[in-house]
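This report covers a helix, an interface and a strand in turn. The sequence and structure come first.

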Amino acid sequence: MELYNGPLDVKEIFGRWLDEEAKSNYGAYIPFVGTIRAEDGIEALSFDIYEPVLRNWFDAWQARAAERGARVKMAHSIGDVPVHTSSYIAAVFSPRRRVALELIEEFVEDFKANAPIWKYDVIDGKRIYAEDRSTPMEGAGLLASARDEK
Amino acid sequence: MVKVEFLGPIAREAMEVDVKSLAELSKRLFEEESIRPWLEKCAVAVNDVMVKDPNHALKDGDRVSILPPVCGG
């Protein structure tokens, strides 16, 4: 897992990942690129990350992938990332394509739901929390339940 | 003492509280007007491990993180 300040150098990272696994005998490599679209007058998106929990989340995914003979990789940006550049890339390597196709979907979707990353729109230089696009993590609401315990 | 950190968009400094359980911490946090609206939507980590049990005990030196709704990518 790799974190960078600002936009990702997508070609460098994907090329390096390809080189890293060139002799690993994987039959399938599926990359995913998230690119920031120009919409709603934003000039950039901006990201906060809580790295310790993100590392635990990623390590758990690496273990799940290993059970299926596969390997996952990801890179994400911290701070401001201008429109038409990339803030998130992910990839799955696996011996066969079927596992890779399934894993890339599960990995990217669970990332959106449970990776501890907060997104802000940047408009006129101001950061505005993207509340309407954000989702509570698994286990959210625990404090409300805890309040009702003795 | 237990240290409580508020992550991402929750504009609140970390605080130290004397509590023995998540239940006690929760009662304390619900008293704070600036935090209360976030709490129903937040997940909780203790010492960087996500917690699912509302009865989770807390001990001196624990670090609790409050994680609001996320949107990576």
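Two residues count as in contact if their C-beta atoms, placed from the backbone, lie within 7 Å. Helices (H or I, at least four residues) and strands (E, at least two) are DSSP runs, numbered from the N terminus. A residue is buried if 20 or more other C-beta atoms lie within 10 Å of its own, exposed if 12 or fewer, and partly exposed in between.

The model is predicted: local features need pLDDT of at least 70, side-chain atom pairs count only at pLDDT 80 or more, and totals for chains, interfaces and linings use all residues. Residues are numbered from 1 along each chain as its sequence is written, and chains are lettered from A and ligands numbered from 1 in the order in which they are written.

In chain B, helix H1 (residues 22-30) has B:Leu22, B:Ala23, B:Leu25, B:Ser26 and B:Leu29 as its buried residues. They lie on the same side of H1(B), because their arc around the axis (taken from the directions from the helix axis to the C-beta atoms) is only 160°. Their cover includes H4 (142-147) of chain A, and S1 (2-6), S2 (15-17), H2 (36-39) and S5 (63-67) of chain B.

Between the chains, 35 residues of chain A are in contact with 31 residues of chain B. H4(A) gives the most to the chain A side, with 6 residues.

Strand S3 (residues 44-49) of chain A has 5 of its 6 residues buried, so the rest of the structure largely encloses it.
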